[in-house]
Amino acid sequence: MPTQAARENHDALFGDRASTLARTDPELIEYFDDFAFDDVQQDAPLEPRTRTLVQLAALIACGALGEFRVLAGGALRVGVTPVELKEVVYQAVPYVGMGRVFDFLHATNELLTERGVELPLPGQSTTTRATRAERGLAVQKQIIGDEAVGAIYAHAPSDEQHIQRYLSANCFGDHYTRDGIDVPTRELLTLSMLVSLGGADPQVAGHVRANLRVGNDRAMLIAVITQLLPYVGYPRTLNALRALDDVAPAVSHEN
């Protein structure tokens, strides 16, 4: 039997939904729930909206469609709006590609339709084809820094400059400028996806820096990475912590 805290936290997300795995694999589900919904919640408290948003982002990057469907329903239950849920999925496109996002987009649409939400949702784009490059470059510099962005363009070979333009206009201009979720939250989503992808260590370190620039401090990043652990496993979690420690080491309180 899961702990009282685990049951309460689980039920806050999922109500009285009974998992079939609790019947077929009771031992695993008991200690997973105790870990994910008791231990982790005590050591890395995040308000439900932020917690579920970053976990959903991680599940997309992992390709975990089944778990995403379940958690997305729970996210709506604890206050994530339909627009916010869609924005998580949209934010994933430049980081994991439409090839992976396609099924998650359909799953999200099916869930929202089941909940009586009319689609399409109100548009959240704030740029046009004519303004996306300029607006995107401005947001990119806000998040990464003027000098860093300048260096990226300066060091890219001439036959790769188009990729840098795409990053500014598409990744930042089409996505980061959207309404629905603010820039600091989008940076948490991006970091969660990169951590969960694996093999993206330079990008993880870069977005640790970016998170710090937009106001997400070390304590917040520790909490987010800890909340991802039950879903992405220890190796990717430890790699993320190494990147965090390299970029923003813990402050020693020793005299």
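**Exercise 1. Work out how F172 and Y176 are placed in helix 10 and how their rings pair.**

Step 1. F172 and Y176 are four residues apart in helix 10 (residues 161-176), so about one helical turn separates them. Helices here are DSSP runs (H or I, at least four residues), numbered from the N terminus. The model is predicted: local features need pLDDT of at least 70, side-chain atom pairs pLDDT 80 or more, while totals for chains, interfaces and linings use all residues. Residues are numbered from 1 along each chain as its sequence is written, and side-chain values use heavy atoms, without hydrogens and water.

Step 2. The ring centres of F172 and Y176 lie 4.8 Å apart, with 25 degrees between the planes. The pair is stacked. Rings of Phe, Tyr and Trp (its six-membered ring) pair if their centres lie within 6.5 Å; planes under 30 degrees apart are stacked, over 60 edge-to-face, the rest tilted.

Step 3. Both F172 and Y176 are buried. Buried means under 20% relative accessible area, exposed over 50%, partly exposed in between (1.4 Å probe, protein chains only).

**Exercise 2. Classify the pair of F32 and Y231.**

Step 1. The whole structure holds four aromatic pairs. In the pair of F32 and Y231, the centres are 6.1 Å apart and the planes stand at 80 degrees, so the pair is edge-to-face.

Step 2. F32 sits in helix 3 (residues 26-43) and Y231 in helix 13 (residues 218-232). They are 199 residues apart, and the pair links distant parts of the chain.

Step 3. F32 has 24% relative accessibility and counts as partly exposed. Y231, at 17%, counts as buried.

Conventions: Helix = DSSP H or I, 4+ residues; strand = E, 2+ residues; numbered from the N terminus.
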